[in-house]
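I opened the notebook on this structure to look up strand pairing and domain contacts. The entries follow in the order I made them.

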2 protein chains.
Amino acid sequence: MSVAELIEGVLNQKRRYLARLISLIEDEDIRALEALSQLYKHTGKGHIIGVTGPPGSGKSSLVTKLTTEFRKRSKTIGIVCVDPSSPFTGGALLGDRIRMQEHSLDDEVYVRSMGTRGHLGGLARATSDAVRAIDAFGKDIIFVETVGTGQSEVEVIDVAHTVIVTDVPGSGDDIQAIKAGIMEIADIFVVNKSDLVGADKKVTEINAMLDIDQRERAWRPPVLLTNARSGEGILELVDSILAHLEHLKESGLLQKKGLQRSRDELQELMKYKLTKELSQKLQGKPEYENAIKMIAKRKQDPYTVAEQLIAEFLFSETR
Amino acid sequence: MSVAELIEGVLNQKRRYLARLISLIEDEDIRALEALSQLYKHTGKGHIIGVTGPPGSGKSSLVTKLTTEFRKRSKTIGIVCVDPSSPFTGGALLGDRIRMQEHSLDDEVYVRSMGTRGHLGGLARATSDAVRAIDAFGKDIIFVETVGTGQSEVEVIDVAHTVIVTDVPGSGDDIQAIKAGIMEIADIFVVNKSDLVGADKKVTEINAMLDIDQRERAWRPPVLLTNARSGEGILELVDSILAHLEHLKESGLLQKKGLQRSRDELQELMKYKLTKELSQKLQGKPEYENAIKMIAKRKQDPYTVAEQLIAEFLFSETR
């Protein structure tokens, strides 16, 4: 499949071409970058919603319910499920296909799982490109769902305009510690499984944490109680999502975030391209292999060798 | 404090100098790299033990008990506690100081927490350098403890010779999915809190997962039941740790892993240095700022601009 065919297929909303493009992104095929580069001007229209939170906090069911609700409002949907915890095995999330059965016959809902197979450039890079492909394809709303609350999840979710952080009643101390880091990226908090004991207490706790934060802010993240199974609180969540988008637009933050994202992405891409170029140049070079042995033997140190190799192989035009 | 003083202080086992060096590492101070580069030949002696697993699985108590046991055997100990989940707030882990009180008067135990504050080069890079500093300082055993089981935790733990993966009885389906990814990095499994219902079942489950894996391997990870509170199973764990180190030595894997680590680290360092150099050169340049605006407006695409900026600012000698 040529780059031109890929681009045409995606712009004509053919799912098969979108699937192929995302596979090429995952494989870091050169055609993916070429296609994305040309598709870029068709992006920037979708509302990207990140959903993250600890394991078992019902992210998948929440996204399914939100999809149902947005479909009623004639919005088209893309869903990217990211699992940063499988660096070796890759592949789809467990139960992924099962849970999206509700929308499997709906052509206006596109679901894609991403493991970490391949992705020299990192999972965040691949996710960002996959979201962009879906954006160019024309989906109105794109969910990025990721398990967990670690650094890599934060990077993955960084692509989103609106970030929903999910939690469940009664999580332990250790999990509390985790949440401190993610408090700041949340635009909306959702305490899911509202039927469990301690749900109201959890809402109070999160609100208390928000109260401590004395910074001035135009948007205070709402803390919502939901029950993805019964559907309780889903409408309020949809309202909050739309209100947040409105806030981003009115406050000028949408534009500001766009600039920041362009800056971050440009840096990431330059880093990626440089690393790739250098590793191609070093591949199989005896000086390189020898240096590695000397480092392992502690006869040379990696800090000095890194500088030497860069000077010799990347900046020397004579080679 | 000069680089020479730092080096001398660390080699003479002055804790204050070690603490200072690790702070410089965290701040990405140029002196840190200089010191590490010269300290490198004094490293490679410590046994680095990674401890990871889901929140609440008792990693901290386990490390405390192991420390007590290794101290009885006159081993000196370093502990690096890493929290990859706090990208914004940084700082020490909750309860960190409290839990290590048991060893706080013992000069032969050095404990250090690392958040993700700073660390342009990444948390894994900073952790690896901190472990190296402690190694040069002369600690016999260095624990690297990290919360969670995501990609970033795997990267952090990558520095270890022996990886212990902890778990507790009765974790949900979602957590099961997480574990698939770290099965392959575990050298020893520990089911902690053996007094909880389902502990034996969990041991059976992990063993069943190991049975499925049909690859040939000289080391089959043992699955141990422990109770960090009562001390049950700690001696067996120590035996397994020592047996694993022996296995690494006898099989030649220790050397092989050392080579692989040198290769990985060299690559990481080159990447780090290149990125740093490029961002210094781009800082404040009007072409750069303008390109970011054009990307945000979708008038240029980041893929093409990244290549142009690299060619123009990094490879052009005339600037």
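How many bridges join strand 1 of chain A to strand 4 of chain A, and which way do the two run? I looked this up in the model, which is a predicted one. I found 7 bridges between strand 1 and strand 4 (residues 141-147) of chain A, and the two strands run parallel. As one position in this pairing, I noted Gly53(A) opposite Val147(A) of strand 4 of chain A.

Next I checked strand 5 (residues 162-167) of chain A: strand 1 of chain A is joined to it by 4 bridges, again with the strands running parallel. Here Gly50(A) stands opposite Val163(A).

Is strand 1 of chain A mostly covered or mostly open? I counted 7 buried residues out of the 7 in strand 1 of chain A (residues 47-53), so with 20 or more other C-beta atoms within 10 Å of each one's own. I then sorted them by face: His47(A), Ile49(A), Val51(A) and Gly53(A) lie on one side, Ile48(A), Gly50(A) and Thr52(A) on the other, and both faces are covered.

I turned to the domains. Chain A is divided into domain 1 (1-41), domain 2 (43-251) and domain 3 (267-314).

Technical notes:
Residues numbered from 1 in each chain as written. Chains lettered and ligands numbered in written order. Predicted model: local features only at pLDDT ≥ 70, side-chain atom pairs only at ≥ 80, totals over all residues. Buried ≥ 20, exposed ≤ 12 C-beta atoms within 10 Å, placed from the backbone. Pairing = 2+ DSSP bridges. Domains from an automatic or database assignment.
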